[in-house]
Structures are given as C-alpha cells and as structure tokens.
Amino acid sequence: IEDLVPQEYILPLIDQSIDFSFIYEIVHDLYAQNDVEKPVIDPVFLLKLKLTVGSLVIIMENRFHIFQP
C-alpha cells in the first residue's frame, strides 16, 4: 500500500520524520499487561488516525467556508 501513496504527501513525511514510539511509554500503564484480557488497538495507530481525521475535518471546514456565498 505504501507504493500507492506518493512520497511528497504530508502523511508519509510525518511518518518518516516523527518517531511515535514514545506513545507506548506514555500509555503503558493504561493497557493490559497480558494476553488474557481484551486485545487493544495499537495506540500509535489511534494517534495517527486522530491526526488524519482531524486534519481532514479542518480541510473540509475550510473548503466549506471558502465556497459559502
């Protein structure tokens, strides 16, 4: 799938520039420490999803205001 996203897009640039591994240390105590409990969604994935969706919402709002009469 990485071949489908041009390297000049902002998201691959962010992914290459920022090491998100610090998130695991921050949320370590908030997640189960064994496999018996419910599996969780990767916290780094959740952060990236939030950043992506938040960015899209801002872009959509800006475009909406631009095209309003």
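This report describes a nonpolar surface patch and a salt bridge in a predicted model.

## Basis of the values

Local features in this predicted model need pLDDT of at least 70, side-chain atom pairs count only at pLDDT 80 or more, and totals for chains, interfaces and linings use all residues. Residues are numbered from 1 along each chain as its sequence is written, and side-chain values use heavy atoms, with hydrogens and water left out.

## The nonpolar patch

Seven residues are listed here: Ile-10, Leu-11, Leu-13, Ile-14, Ile-18, Phe-22 and Ile-26 make up a nonpolar patch on the surface, and together they have about 630 Å² of accessible area. Such a patch joins nonpolar side chains (Val, Leu, Ile, Met, Phe, Trp, Tyr) within 5 Å, from residues with over 30% relative accessible area and no salt bridge; like charges are joined within 9 Å. Areas come from the Shrake-Rupley method with a 1.4 Å probe, and for residues only the protein chains shown count as cover.

Helix 1 (10-17) and helix 2 (22-27) each give the patch at least two residues. Helices (H or I, at least four residues) are DSSP runs numbered from the N terminus. Helix 1 provides the largest share, four residues.

## The salt bridge

The count is one salt bridge, defined as a side-chain nitrogen of Lys or Arg within 4 Å of a carboxyl oxygen of Asp or Glu. Lys-48 pairs with Asp-15, and their closest N and O atoms are 2.6 Å apart. Lys-48 lies in helix 3 (residues 43-66) and Asp-15 in helix 1, so the pair ties together parts 33 residues apart in sequence.

Lys-48 is partly exposed at 30% relative accessibility, and Asp-15 is partly exposed at 43%.

Key: Buried < 20%, exposed > 50% of the residue type's maximum accessible area, 1.4 Å probe, protein only.
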